[in-house]
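My notes are below the display.

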Amino acid sequence: MTTRKLRSVAMAISAATLSVSLAACGSSGPAGSTAAGDGSASMWGLTGGNQPVLQKSVEAWNSAHSDQSIKLDFFANDAYKTKVRTAVGAGEGPTFIYGWGGGVLKSYVDAGQVEDLSAFVKENPDVKDRYLPSVLKNGEIDGKTYALPNNNVQPVVLYYNKEVFDKVGAQPPKTWDELMALVPKFKEAGVAPFSLGGQSKWPDLMWLEYLVERIGGPEVFANIAADKPNAWSDPAVTEALTKIQQLVDAGGFVNGFSSIAADSNADQALLYTGKAAMVLQGGWIYQGMKKDAGSFVTGGKLGFTTFPTVEGGKGDPANVVGNPSNFWSISAKATDEQKKAALNYVKDGMFTDADTDALIASGAVPVVNGIDSKLEASPDKDFLTFVYGLAKKAPSFTLSWDQALSPAQGDAMLSNLDQIFLKKITPEQFVATMNATIGK
Amino acid sequence: MTITSSDRRRVRDTGPSGWLAAPALVFFLVFAVVPLAGVVFLSFTSWDGLREIRLEGLASWTTVFTDPVTGNALLVTAKIVFFSFIVQAPISLLLGVFTAGSQKYRAALAVLYFLPLLLSSAAVAIAFKALLDPNFGLGPGLQVPFLIQDWLGNSDLVLFVVVFVIAWQFVPFHTLIYQGGVRQIPTSLYEAAEIDGAGRVRQFLNITLPQLKYTIITSSTLMVVGSLAYFDLIFVLTGGGPGYSTRLLPLHMYLTGFKANDMGAASALGVILIVIGLGLALLLQRLGGKNRNDSQLEGA
């Protein structure tokens, strides 16, 4: 091969590898600062509402336990999900692996990347008793505990702007028909009925989750998650997708929803600036709005309610979807010293009274038992008791589907759902494509 | 004077030893050839990034070739390469010729032109995303009806917005290359042309353009092969969306590998990308003419 040809090859290769290396740099924050090193455990957290709470908790732990210190880094949600998996696969993952439970956790368990915590939980009954049992269950795979809840319960909630509702003279929708009837009302008033962070794709999913839940009940998704053949063919899925497209057709979502990223909180901003009347989002955005739009929240202009019922639907209206909590798993590749420090933190450093109080003060409901009186005493008690009640009373709490499914299925689902919102495919095409991913 | 064979040998011996290329070759092997072989190997396996790598034969290749998203990604890539070239090449050529002059105000303008070159792609993407926001961006802010469009959410429009942002970022770079090329042209050529009565357009067409031949080839190669690799800008600006409208091949490869965790298929896509990049680079060199390998330096 001549030099010139070699040079062309090199050019082409660098063109290809460039994209990968740029991706690695793009996700910000220090990389691979873990596994080896000074022996301290490493922890990757998420930016957003719980960031200051976690930061303080770890700082308090480090100042009291200089011999078992924890090194903490934060990442944005979407960037984290990509980064942590790559890092763990490369043996460079953190000691504490932040997760959501479900199918993604299972893929880590199958790969032998996370510690079995069953014995630890057995030896430390205090840890187990700390949690709401229904939440604790989401960290178990095949009856063994692989992850322990680490923050707050996060059901998906329908938020609305009371000021906008008053101006239009509307009531929050209790049924799907009422919701559809509200759309033209708000459009006439020059307000988008619903805000949506469509570029991030996962906010689209909340619509599908709740509609399938209300129409067909929790069994529909339970069958999908159990990899039953043709589970996506359930008529409830098609009906839910059809309803979504009807809402898109009616102009239910804000102009440009497919270019709005939820990671930058632009979807919440539309709600509190009065440009949109409602947003269907996780319980976690309350903290963000409390911080970014203080007077909107403290002034009582933020309303919240449950997702509307669908006429003839089989699902219990009290059922919820969302994230029961986030979880810590402990890396199986960590050194014994790191594992020991990590477990000690889980036992004594996490959910201290200070942590729990800080979570409540930030506008979140910690997943711990016996906090009713504390929630009642909070300035955010309306929202907090609403969320706590929602989670406690729900006959079924379905984990966000993208986390409950295997990563390959979850990604295919989000891409195809994006196509549904853009009306590029029909519900039938969605069902056929998704049936083909079962078992992957 | 006749050169004897012993003379010839002496001449060759004084040249640089081939061993001087060894360090570069080692780097090339370690950082280019070995990873390339790794990618080719991975394309015949199934690997989710966590579990063991399993040999699967042609399964990933079948997946890639039967997936309509791959075809779409190729089409999007081709469109972006084509439109970026059509937009960037003439603008940077003209700007390069213009800024090659020595007047003072041109120096000031040149500094302004080159500003985008200093910004990282991610910063450029974030800035444009904010400016083009249909609810909080430039249009609603200034109340200019034309600007109030869903620039990044409209599947028909978004590709051209991407091409525009790419051009905004990279035109300065190519302008710089052309500027350097134009400054290399001997002024005596222009003086002679002026005496012969050639006008500015004539001078541009008959002197500047032919003299810039090699600069044009270099710039075009960088432009085309570079646009094959656009990733960070589009990743931050649109995430490949809406739908698949801006999901070009490198982004498709990344999302397949790191979002869907299908490293086998992602590697197959990587190989396709390398083959296309190689093909295009060779094609452009060929278009440069038969004597493309001849150096312009005297004596070499």
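These entries go from the interface to the cores and then to a helix.

I am working on a predicted model, where local features need pLDDT of at least 70, side-chain atom pairs count only at pLDDT 80 or more, and totals for chains, interfaces and linings use all residues. Residues are numbered from 1 along each chain as its sequence is written, chains are lettered from A in the order in which they are written, and side-chain values use heavy atoms, without hydrogens and water.

**Interface.** I looked up the contact (heavy atoms within 4.5 Å): chain A gives 48 residues and chain B gives 43 residues. On the chain A side, α1(A) supplies the largest share, 16 residues. I then checked for salt bridges (a side-chain nitrogen of Lys or Arg within 4 Å of a carboxyl oxygen of Asp or Glu). The rule finds one across the interface. A:Arg85 pairs with B:Asp48, with the closest N and O atoms 3.4 Å apart.

**Cores.** Next I took the nonpolar cores (sets of buried Ala, Val, Leu, Ile, Met, Phe, Trp, Tyr and Cys joined through side-chain atoms within 4.5 Å; buried is under 20% relative accessible area, 1.4 Å probe, protein chains only). The largest has 142 residues, and A:Trp207 and A:Tyr345 are among those touching the most other members. Helix α10 (residues 202-216) of chain A gives this core its largest share, nine residues. Apart from it lies another core of 25 residues, including B:Phe128 and B:Leu237.

**Helix α4(B).** At 1.5 Å a residue, the 32 residues should span 46 Å, and the end C-alpha atoms are 45 Å apart, which agrees. At its start, a side-chain oxygen of B:Asp67 comes within 3.0 Å of the backbone nitrogen of B:Val69.

How values were computed. Helices (H or I, at least four residues) and strands (E, at least two) are DSSP runs, numbered from the N terminus. The expected span of a helix is 1.5 Å times one less than its number of residues. A polar contact is a pair of N or O atoms within 3.5 Å; within protein, one must be able to donate a hydrogen and the other to accept it, and residues adjacent in sequence count only if both atoms are side-chain atoms. Buried means under 20% relative accessible area, exposed over 50%, partly exposed in between (1.4 Å probe, protein chains only).
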